[in-house]
Amino acid sequence: NNGIDYYKTGDFYRSTQAFLQALAIFRNVSEPDSEDFNRIYNNLGGNYRKVGDYEKALEYAEKALEIKLKNYPPDHPSVAKYHMNIGKVYADMGEPEKALPFLERALEIEQIHYPDDHPDVTGMKGELANVLADLGQYEKALEYHLATESVDPRYMSHDHPYFLAMYSNVAQIYLEMGRYDEALEIHRRAVEKLENRAYVPPDKRTEMLWLLASIYDARGDTELAVRTAIDGLRGLAPDFNATAPYQLPDPGQVIERKLFLDLSDQLIYLYEKRAKEETGLEYYKYALETAENSIRLIGLLRTSYHSDDARRMLQESSSDIYKAAVRNAFYLYEKLGDPQYLEKAFEFSEASKANILKQVLNEGLALRSAGIPEATLDSLDQMKIRISNTENTLNDELINGSPERVIDSVSAHLFIEKENYQA
């Protein structure tokens, strides 16, 4: 129960710990094929998917289906969602072709037991439609999404968040097809209905506002897109009260951290686009602040991941944020001559575990005009990257409770590297 309670509040780290503790107990008291494992595996898979640890999410989703099929017939209605969960993980991993057969099988099971106007059937069609859209099959995707309109009102009111989400999905397809006016009309109506409800899950509201921001952006209204996007991000920190127009919550206040991180990357893009429309530097500063906030959030996510592969994937998927941080910091240094921005560029480059400062500069920024010799920049960057890598190693050893001699050795190595850098 603790795991579920934590999940509902968006504390996926504590939720995962609670489920792992329950798993350890069940291994001592339950049969290997017990449904107890099926439920725990399913919950763990959902948690790991929420935080973006897709390898672990897939592992537990597959285990959950395996145990489920040992306790129920393959066409039992409760089996459908286990096929669906695997499909959704593959979809999140950017592999819609692998997701498709699992979602098709889930729909097939639902249709055996329920009429076409049942929300379980239309909901599964919606999941399948998202994957079909990813595969470019827009007309079929629209057909499946619009099937939700046939839902019997006894099952679901037409202002239910999941019903409104269908219209958002249709708007997303219109957006991808370049039909911006249709996308705006249908989605704005859905957002208005959503805002009138007594309670809306924060992640659903944020996702809908972000799609609205994307539509505004496609129509050329970048400033409205920015403000709508910020409104959506603030919704993921229920206790946050903004004191400035473009202020974002501190990462520690954020629920649904992976979603916040993904959308922050898009906000940086909007700020940079807006900056090119204006003559001042304010939007470059906002872009840099957003990137800095995102990098702090990456640190929080990293400590919640349980596998090296997941941490590596997080680092790789976050590379655009580090590049944006370096790009905007160095641009501000060029324009203002303030050395603090140059220091920030070095700092973000080292934190990325890659020599991205030189990459960013070579992508178009005037290296020579800054008066920094390339050899010097390269040498300093490499030294600071080594320091950052050693600091991360030391942090991991402390978290893992490694022997004191190991920690002392890493600490001594870090001290020597910092001395060399200062010299």
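Biologist: What does the accessible surface of the protein chain come to?
Modeller: About 20700 Å², and 47% of that belongs to carbon and sulfur atoms. Keep in mind that this is a predicted model.

Biologist: Okay, and how much of the chain is buried?
Modeller: The chain has 423 residues, and buried ones make up 48% of them.

Biologist: How many helices and strands are there?
Modeller: There are 20 helices and zero strands.

Biologist: What share of the contacts join residues at least 24 apart in sequence?
Modeller: Counting contacts between residues at least 6 apart, 59% join residues at least 24 apart.

Biologist: Let's go inside. How many residues does the largest nonpolar core have?
Modeller: That core has 111 residues, and Leu267 and Tyr271 have the most contacts inside it. Helix H14, residues 282-304, gives the largest share of the core, with 10 residues.

Biologist: Which residues does Tyr271 touch, leaving out those up to four places away in sequence?
Modeller: Tyr271 touches Val226, Ile230, Tyr246, Tyr283, Tyr286, Ala287 and Thr290.

Biologist: I see Tyr283 and Tyr286 in there. Where do those two sit relative to each other in helix H14?
Modeller: They are three residues apart in the helix, so about one helical turn separates them.

Biologist: Now the rings. How many aromatic pairs are there?
Modeller: The count comes to 13. For Tyr283 and Tyr286, the ring centres are 5.7 Å apart and the planes meet at 75°, so this pair is edge-to-face.

Biologist: Why does 75° make the pair edge-to-face?
Modeller: Because planes over 60 degrees apart count as edge-to-face, and the angle for Tyr283 and Tyr286 is 75°.

Biologist: Is Tyr283 buried or exposed?
Modeller: Buried: its relative accessible area is 12%, and the cut-off for buried is under 20%.

Biologist: Which residues form an aromatic cluster?
Modeller: Phe26, Phe37, Tyr41, Tyr48 and Tyr60 form one.

Biologist: And which residue lies over the face of Tyr72?
Modeller: That's Lys68, at 3.9 Å from the ring centre.

Biologist: Changing topic to the backbone: which residue has a positive phi although it is not a glycine?
Modeller: Glu256 does, with a phi of about 55°.

Biologist: Where is Glu256?
Modeller: Look in the loop between helix H12 (222-234) and helix H13 (257-277).

Biologist: Is Glu256 buried or exposed there?
Modeller: Glu256 is buried, with a relative accessible area of 11%.

Note on methods. Residues are numbered from 1 along each chain as its sequence is written. This is a predicted model: local features need pLDDT of at least 70, side-chain atom pairs count only at pLDDT 80 or more; totals for chains, interfaces and linings use all residues. Side-chain values use heavy atoms; hydrogens and water are left out. A nonpolar core is a set of buried Ala, Val, Leu, Ile, Met, Phe, Trp, Tyr and Cys residues joined through side-chain atoms within 4.5 Å. Buried means under 20% relative accessible area, exposed over 50%, partly exposed in between (1.4 Å probe, protein chains only). Helices (H or I, at least four residues) and strands (E, at least two) are DSSP runs, numbered from the N terminus. Contact means heavy atoms within 4.5 Å. Rings of Phe, Tyr and Trp (its six-membered ring) pair if their centres lie within 6.5 Å; planes under 30 degrees apart count as stacked, over 60 as edge-to-face and the rest as tilted. A charge sits over a ring if NZ of Lys or CZ of Arg is within 6 Å of the ring centre and within 35 degrees of the ring normal. Accessible areas come from the Shrake-Rupley method with a 1.4 Å probe; for residues, only the protein chains shown count as cover.
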